[in-house]
There are 4 protein chains.
Amino acid sequence: MTRRRPGQSALTTPRNEKDRVEIQSGTEDGITLGSPIALRVLNEDHRPKDYGGGGKNIDAFPRPSHADWTYLEKYGVKSSSGGGRSSARETIGRVAAGAIAEKYLKVAHGVEIVAFTSGVGPEHLFPATKTHPTQSANPAFLELIDKVTRERVDEFLPVRCPDETVCKSMAELIAEYRDKADSIGGVVTCVIRNCPSGLGEPCFDKLEATLAHAMMSIPATKGFEIGSGFGGCEMPGSIHNDPFVKAPAVPPAEANGVAPARARPRLTTKTNNSGGVQGGITNGAHIYFNVAFKPPATIGQAQQTVGYDEEAGVLEAKGRHDPCVIPRAVPIVEAMAALVVMDALLAQSARQSARSLLPVLERTVPVAESETKLSNGSR
Amino acid sequence: MTRRRPGQSALTTPRNEKDRVEIQSGTEDGITLGSPIALRVLNEDHRPKDYGGGGKNIDAFPRPSHADWTYLEKYGVKSSSGGGRSSARETIGRVAAGAIAEKYLKVAHGVEIVAFTSGVGPEHLFPATKTHPTQSANPAFLELIDKVTRERVDEFLPVRCPDETVCKSMAELIAEYRDKADSIGGVVTCVIRNCPSGLGEPCFDKLEATLAHAMMSIPATKGFEIGSGFGGCEMPGSIHNDPFVKAPAVPPAEANGVAPARARPRLTTKTNNSGGVQGGITNGAHIYFNVAFKPPATIGQAQQTVGYDEEAGVLEAKGRHDPCVIPRAVPIVEAMAALVVMDALLAQSARQSARSLLPVLERTVPVAESETKLSNGSR
Amino acid sequence: MTRRRPGQSALTTPRNEKDRVEIQSGTEDGITLGSPIALRVLNEDHRPKDYGGGGKNIDAFPRPSHADWTYLEKYGVKSSSGGGRSSARETIGRVAAGAIAEKYLKVAHGVEIVAFTSGVGPEHLFPATKTHPTQSANPAFLELIDKVTRERVDEFLPVRCPDETVCKSMAELIAEYRDKADSIGGVVTCVIRNCPSGLGEPCFDKLEATLAHAMMSIPATKGFEIGSGFGGCEMPGSIHNDPFVKAPAVPPAEANGVAPARARPRLTTKTNNSGGVQGGITNGAHIYFNVAFKPPATIGQAQQTVGYDEEAGVLEAKGRHDPCVIPRAVPIVEAMAALVVMDALLAQSARQSARSLLPVLERTVPVAESETKLSNGSR
Amino acid sequence: MTRRRPGQSALTTPRNEKDRVEIQSGTEDGITLGSPIALRVLNEDHRPKDYGGGGKNIDAFPRPSHADWTYLEKYGVKSSSGGGRSSARETIGRVAAGAIAEKYLKVAHGVEIVAFTSGVGPEHLFPATKTHPTQSANPAFLELIDKVTRERVDEFLPVRCPDETVCKSMAELIAEYRDKADSIGGVVTCVIRNCPSGLGEPCFDKLEATLAHAMMSIPATKGFEIGSGFGGCEMPGSIHNDPFVKAPAVPPAEANGVAPARARPRLTTKTNNSGGVQGGITNGAHIYFNVAFKPPATIGQAQQTVGYDEEAGVLEAKGRHDPCVIPRAVPIVEAMAALVVMDALLAQSARQSARSLLPVLERTVPVAESETKLSNGSR
């Protein structure tokens, strides 16, 4: 929660929203009870009059690239906050819920979810090149996602891009837009490590589909790509294909309170252009994806637009604004990823658990010799 | 259906799948009865032994970048077809269902959904340039999506890229990969015109989120972007923002059997960097998006990989294969778009219809003068 | 809310739970905003130590016929309140949500939902007789449900049985059980008037099925019957069958703020043994049903039972308890009925609204003459 | 399937519907593949003209107590079969799907689901008496449901009431109604034995609620009661309450192909007035419930009714009809019960499986001594 909230630095919005969470139900003495966990976060620094020059302006103009107009088209009403439920403030609930999922995934399966800033405007951590048309073809990228931790990412506050040089350029770029009362977009990259294999459904609810759904539901997102992504379209199949290799041995469980090592698949893949998902189902390799965020719609410049009365006019925004949401979006992306994995894990647990009570079938795997091993292993 | 099926040209897979649809239930004398419409398509040209060199190979190796391995990890069984339900053949059901949704959307709302090939490997219809970092900033793109029809797209068969020069380059590129027994990916662009405003939910089921979900559930997709997309991240907010303008007058309904002109929103936007969706809700402007498809995993070359028994070996694929799925993916993208819009439309219809029976509220819109107009108009 | 809360009389539980509702989100100036409406009710009179004789007892014994044991079996944890989420206190949320649905149904469709106490222990408002094996065969019953109002029911507080003699017997019976530190069950009957026709799905979500689901989800319910119910099983089909008759003319809308008269079906049925639902779909006639409530499990007598430690012992319950929940269950039944009808109405509104935009078909109704009328009428 | 189909005797409908099932997808060599299992049953003896006297009558009159009228009100269309999807023929899909669930439940958990005819018209297997106001208070009933098997029930074909005397009376009653060209309703009782504890949700999806939903979705049902049911309302709480007792030891697994004995709860209850469910969650005891079926609406007598044209007239039904559906409803009730239990089991499996990977908590159960045992046992 603390990582998401605004006011973290001079680069992000100066609103001082403390975002303190109050647990209303579902736990007792620190233990969940099975009942729904209700969390309440009061907005302690709400100043609606700040938008649109004193409240009058916002009543006359739907703000460009905000949800004011579409919300009105949909519901036929308008709240004083403009876009009603479409406010990005709702992401606080996602981060709170995601924190619970993350804790479970870490303890029970050793899952690690780490996101970081990989692009701000034209500055990219791993720009496409002839040799590396896409991240997944870049060994430096693969090495980074194999090791990067949240602690490491937060060493690069406020930008959260885990590379000194690029991070500095990004910070300068954001400062520049802030000074121009303008804004800029960017890209968040996220990796999920140690995800169990077998998650995701083969048809409509492929894991990449539910991940895309979750990410594109975050306010201000414009794109999603997994594995080789858009760049992968430019690679020949013979190079893009992801042959299987024997998986490395799993290190023994550590004793210091860390989750015990879970059973891992016997095979893994070589290139991981797949991004950890094949045919909609996880294969146990790192899942990684990019999410594109547009430049924030609230800017400090006056904007020529048209009002609710169909008359043209100028909307002046004197309020607080955030020149770049990418750094604060990092924990939101992590939280949504955790929720998607948690859902898929519960669905697959039901299946595996049900199957584990049936007698072993003799003919479910192709190679006779490995059959018994696999049948047991996959339970 | 005919537009999706293989065997359309020498560039696509030579499998002769007739894909004839048999209606099993739900209609009588050409009229739907309200009961579920069951469609059956028999696979009349199924040759499982063709994959993997005579059926032996496929039993020993999980095919790289296919779902063979993950399906086995998930379900603990393996079908003779390899990836079980993950076969792209299931998209035939999507196209059949989409056709019904499309027909309704066209007749009742005049909605037009047109997709086309916009990229094959490194060949792009609208490549990013300094001036136009993204499609949405390119007037030629905006003009194309305003006019393009399915008939026009199909004049460029088999590639379905509606530009003579680019189409020719793409066709040559595909032929080249076919001759090398290799494959190549690409991008499909889709536009939805005349979509009613107010569709999509403000939070988790934003229209861009459900569209992303639908598109990323199509086999072989690796990315999705809407409106300005990934390129939009590089634009300043002051340029990216999408001011409102008065909407043009709606032309009167035509008499020749075409759907009557539907009520359209009073305002529209100037740049449409938003891609027709703001805050997750449609604003009535053209919705457009790109979908990235990886190169097909089935190639004619031998591949070094590891078998189910963890031993390395060579998988030879002598069977039929399709060097590029983009042209055939076009109608699948259209069908999934139609299903997403149809779902959102029904949800919004329930809301609007329920609201229309309540007395008009005096205080639901900001500007006094336009209030009555709007309240009525929005119903 | 006030009608449900305890402490209404000496016959119901003396707990003084004020049940004040605080609206946390979703409205502004008394108008809903389209965002979720969050309601919060604080439990201001919570005394967990009162159950089970000082808190010790409840820690040693799962209370008979409560959810203490099953909740523990399900979740593996135990809250200090015993049954965790299974407490009947959760019904307050149902009444609050139902109140919103009821208001809409009343204003938009003139729907009236009235429940009342029809049985307490062996005392029945309409006991089965030879002549009238079931309520639906009893003209007095049909007359009552045609007219009864909530105001009328509340004249019979605290029992809420709208018949002076029977109500008095019931009150005496409840007092008797209260004095014996015992409890008694009963039956609530509910009628839904002016429900639009066409609600409910033809197969799994028949309206009687979703009503049964809703009613059987209320704590302490043991049975549900609609229309002729269990008694109807004993009637011959030739008498049970519900022939059609021409519906009476709809009276013109009244001017005094009452909802305008809605379009009603042209036909209605004669016996209404169907209870307003045929083939899972409403026909516009009164929907009526009974819900059975068991005697409250919390009684003032000591009970011989077995503890968590598998040892037999005596559970003494010195706390407050309610000898009969029927009177307080009345508004809960009404609320759940409103929620079921509201859901079905929204689903059907989507369908009707979608259909209304299609050209009229010439062959959708059997009798040529009435075809046009009906096609128009049913939209 | 065979148990459900008509034509089983002179007492049920003479239609010779063979109801042969063709598996269209989802299995290979007798093993399920994880993909949906599609089953197709062709109606080989369809004679729509038989209803309503030559097809003309049915076009003029909505059949009383059928779905003809409500289906038309809902969808605005009418199929030649009258009630469209509301035909009871759709239950064949339920029986087919239920058979798969039953097989799993039997093999994996030893679950036994047995239904039987317990009432035909006024003839009841366990009529309410002063001593036994409800089945659950009748030791003979409790003994029967503890032992009864499907094989035993089918010895009493065609009536399926497992008591020689009562069965004979029922058969005579049905024959009498058949000869009068009339029909009669009845009650089916169902018991679920060896159901795991912990199934069902504590609030809206209580197991009794989803069971009621499932049962009331079967065509022609009018009521549902579980455990003590409607009769239980008449019992004092002090007698109705269901104290806990130590559960009997589980017999060791048998060797002859029978499912191994599963872990059972340490406690069970004494009266089982609860019907195996407390607070919406199963406690491991026998689940039993009654389902009321109305007399079939199709009778051989002429009926005075009103036509689609609002004119009164006489509907003559010369076709085949079934004087009592109870015997054939038995396998449908069993199938729906299996589907409900299967769903609840999968949901609970996901929870248990997820929880089993967390470290054991020290404070989740009340009694220190039994804590470890329970925590382990409940996983």
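Figure 1. The same surface serves both copies, since 99% of the contact residues of chain A recur in chain B, contact meaning heavy atoms within 4.5 Å. Chain A is likewise superposed on chain C by a rotation of 180 degrees with 0.0 Å of shift along its axis, at an RMSD of 0.0 Å. Because 100% of the interface residues of chain A are also interface residues in chain C, these copies meet through the same surface.

Residues are numbered from 1 along each chain as its sequence is written, while chains are lettered from A and ligands numbered from 1 in the order in which they are written. In this predicted model local features need pLDDT of at least 70, side-chain atom pairs count only at pLDDT 80 or more, and totals for chains, interfaces and linings use all residues, whereas side-chain values use heavy atoms, with hydrogens and water left out.

**Figure 2. Overview of chain A, with its eleven helices and 15 strands.** Helices (H or I, at least four residues) and strands (E, at least two) are DSSP runs, numbered from the N terminus. Of the 379 residues of chain A, 59% count as buried; buried means under 20% relative accessible area, exposed means over 50%, and partly exposed lies in between (1.4 Å probe, protein chains only). The accessible surface of the chain comes to about 14500 Å², of which 54% belongs to carbon and sulfur atoms, as computed by the Shrake-Rupley method with a 1.4 Å probe, only the protein chains shown counting as cover for residues. Among contacts in chain A with a separation of 6 or more, 70% come from residues 24 or more positions apart.

**Figure 3. A nonpolar surface patch on chain A.** V21(A), I23(A), I37(A), L39(A) and I100(A) make a patch of about 370 Å². Patches are made of residues with over 30% relative accessible area and no salt bridge, like charges being joined within 9 Å and nonpolar side chains (Val, Leu, Ile, Met, Phe, Trp, Tyr) within 5 Å. I100(A) belongs to helix α3 (residues 91–109) of chain A, and its relative accessibility of 41% is why I100(A) counts as partly exposed.

**Figure 4. The surroundings of S183(A), with residues of chains A and B.** S183(A) is found in the loop between α6 (164–179) and β7 (186–193) of chain A, and with a relative accessible area of 0% it is buried. The side chain of S183(A) reaches the backbone oxygen of P296(A) at 2.8 Å. Not counting residues up to four places away in sequence, S183(A) touches residues of chain A including Y177(A), P295(A), I299(A) and D322(A), and it also touches M235(B), P236(B) and G237(B).

**Figure 5. Q135(C) and its partners in chain C.** Q135(C) lies in the loop between β6 (123–124) and α4 (139–147) and, at 11% relative accessibility, counts as buried. Leaving aside neighbours within four places in sequence, Q135(C) is in contact with S118(C), F126(C), F141(C), T189(C), Y288(C) and N290(C). With the side chain of N290(C), the side chain of Q135(C) makes a polar contact (3.3 Å), that is, a pair of N or O atoms within 3.5 Å, of which, within protein, one must be able to donate a hydrogen and the other to accept it, residues adjacent in sequence counting only if both atoms are side-chain atoms. The C-alpha atoms of Q135(C) and G227(C), which are 92 residues apart along the chain, are separated by 8.1 Å.

**Figure 6. Salt bridges in chains A and D.** The side chains of D179(A) and R178(A) meet in one of them (3.1 Å, N to O); D179(A) is exposed, with a relative accessible area of 58%, whereas R178(A), at 31%, is partly exposed. In chain D, R40(D) forms a salt bridge with E22(D), the closest N and O atoms being 3.4 Å apart. This pair links distant parts of the chain, 18 residues apart, with R40(D) in strand β4 (residues 38–41) and E22(D) in strand β1 (residues 21–25). R40(D) counts as buried at 14% relative accessibility, and E22(D) is partly exposed at 32%.

Definitions and conventions: A salt bridge is a side-chain nitrogen of Lys or Arg within 4 Å of a carboxyl oxygen of Asp or Glu. Copies are superposed by least squares on the C-alpha atoms of residues with pLDDT of at least 70 in both.
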